[in-house]
Amino acid sequence: MTAVICTYPLDMVRVRLAFQVKGEHTYTGIIHAFKTIYAKEGGFLGFYRGLMPTILGMAPYAGVSFFTFGTLKSVGLSYAPTLLGRPSSDNPNVLVLKTHINLLCGGIAGAIAQTISYPFDVTRRRMQLGTVLPEFEKCLTMRETMKYVYGQHGIRKGLYRGLSLNYIRCIPSQAVAFTTYELMKQFFHLN
């Protein structure tokens, strides 16, 4: 969370620059975006629009992801140890998931966690765009933004818009992250 708070202004500028369409450039570059946001959107606080849904979305994402992975690992090794497991390289008395099963469990954990926390991500992006959107005055707080998105577009085409595309990034990322985590535990003899 500390890293997010420290780097959030960079993400805000990135989102604003990415949203610009050809021919309609509000910002001429990174420095200009920083200066404009600071001058026109409340100074330093202008860089933190959408921080609350980001922070609130991090806890369920991390919690659900680790819980799901741990549960899948535990259930898999309990019910099908020879099919899904192998002895750990650092402690042969401990079973660990085979690498391809680790990847599968990590991907599933990432997909479930992303699905649960995705409305916070949509809210964050909407708030970050702020004055760029015509209806920005209806999206000043997290609650107002969620209410507006839900009221205008519903759940599927509002709060979950773009989720399937996000799975393309999230599932492989979490699969690799959890597999790396498990391999590093063996490497550092933590099993």
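Helices (H or I, at least four residues) and strands (E, at least two) are DSSP runs, numbered from the N terminus.

## Basis of the model

This is a predicted model, in which local features need pLDDT of at least 70 and side-chain atom pairs count only at pLDDT 80 or more, while totals for chains, interfaces and linings use all residues. Residues are numbered from 1 along each chain as its sequence is written, and side-chain values use heavy atoms, with hydrogens and water left out.

## Overall fold

The protein chain contains eight helices and two strands. Read from the N terminus, the order of its elements is α-α-α-α-β-β-α-α-α-α. The radius of gyration of the protein chain is 21 Å, well over the 16 Å that the globule rule gives for 191 residues, so the chain is more spread out than a compact globule. This radius is taken over C-alpha atoms, and the globule rule is 2.2 Å times the number of residues to the power 0.38. Along the principal axes, the C-alpha atoms fill a box of roughly 60 × 35 × 30 Å.

Contact means heavy atoms within 4.5 Å. Of the contacts in the protein chain with a separation of 6 or more, 65% are between residues 24 or more positions apart.

## Surface and charge

Of the 191 residues in the protein chain, 40% are buried. Buried means under 20% relative accessible area, exposed means over 50%, and partly exposed lies in between (1.4 Å probe, protein chains only). The accessible surface of the chain comes to about 11300 Å², and carbon and sulfur atoms hold 68% of that surface. These areas come from the Shrake-Rupley method with a 1.4 Å probe; for residues, only the protein chains shown count as cover.

The protein chain carries 20 positive and 9 negative side chains, and the centres of the two sets are 4 Å apart. Lys and Arg count as positive and Asp and Glu as negative, whereas His and the chain ends are not counted. Each charge is placed at NZ of Lys, CZ of Arg, CG of Asp or CD of Glu.

## Val13 in helix 1

Val13 is part of helix 1, which covers residues 2-19. Val13 has a relative accessible area of 3% and is therefore buried. Beyond the residues up to four places away in sequence, Val13 touches Ile30, Ala33, Phe34, Ile37 and Phe47. Ser89 stands 76 residues from Val13 in sequence, and the C-alpha atoms of the two are 45 Å apart.

Helix 3 spans residues 51-79, which is 29 residues, and reaches 42 Å from its first C-alpha to its last, close to the 42 Å expected at 1.5 Å a residue. The expected span is 1.5 Å times one less than the number of residues in the helix. Among the buried residues of helix 3 are Leu51, Ile55, Phe69, Lys73 and Leu77.

Leu72 also lies in helix 3. Its relative accessible area is 29%, so Leu72 is partly exposed. When residues up to four places away in sequence are set aside, Leu72 touches Cys105 and Ile108. Leu72 and Thr26 are separated by 46 residues in sequence and by 47 Å in space, C-alpha to C-alpha.

## Val149 in helix 6

Val149 sits in helix 6, residues 142-153. With 4% relative accessibility, Val149 counts as buried. Apart from neighbours within four places in sequence, Val149 is in contact with Val122, Arg126, Gly154, Gly158 and Leu159. Cys139 is 10 residues away from Val149 in sequence, at a C-alpha to C-alpha distance of 8.8 Å.

Arg161 is found in the loop between helix 7 (155-159) and helix 8. Its relative accessibility is 53%, so Arg161 counts as exposed. Tyr118, Val122 and Arg156 are touched by Arg161, not counting residues up to four places away in sequence. Arg161 and Tyr27 are 134 residues apart in sequence and 26 Å apart in space, C-alpha to C-alpha.

His189 belongs to the segment after helix 8 (163-187). At 58% relative accessibility, His189 counts as exposed. The phi angle of His189 is near 55°, a positive value in a residue other than glycine.
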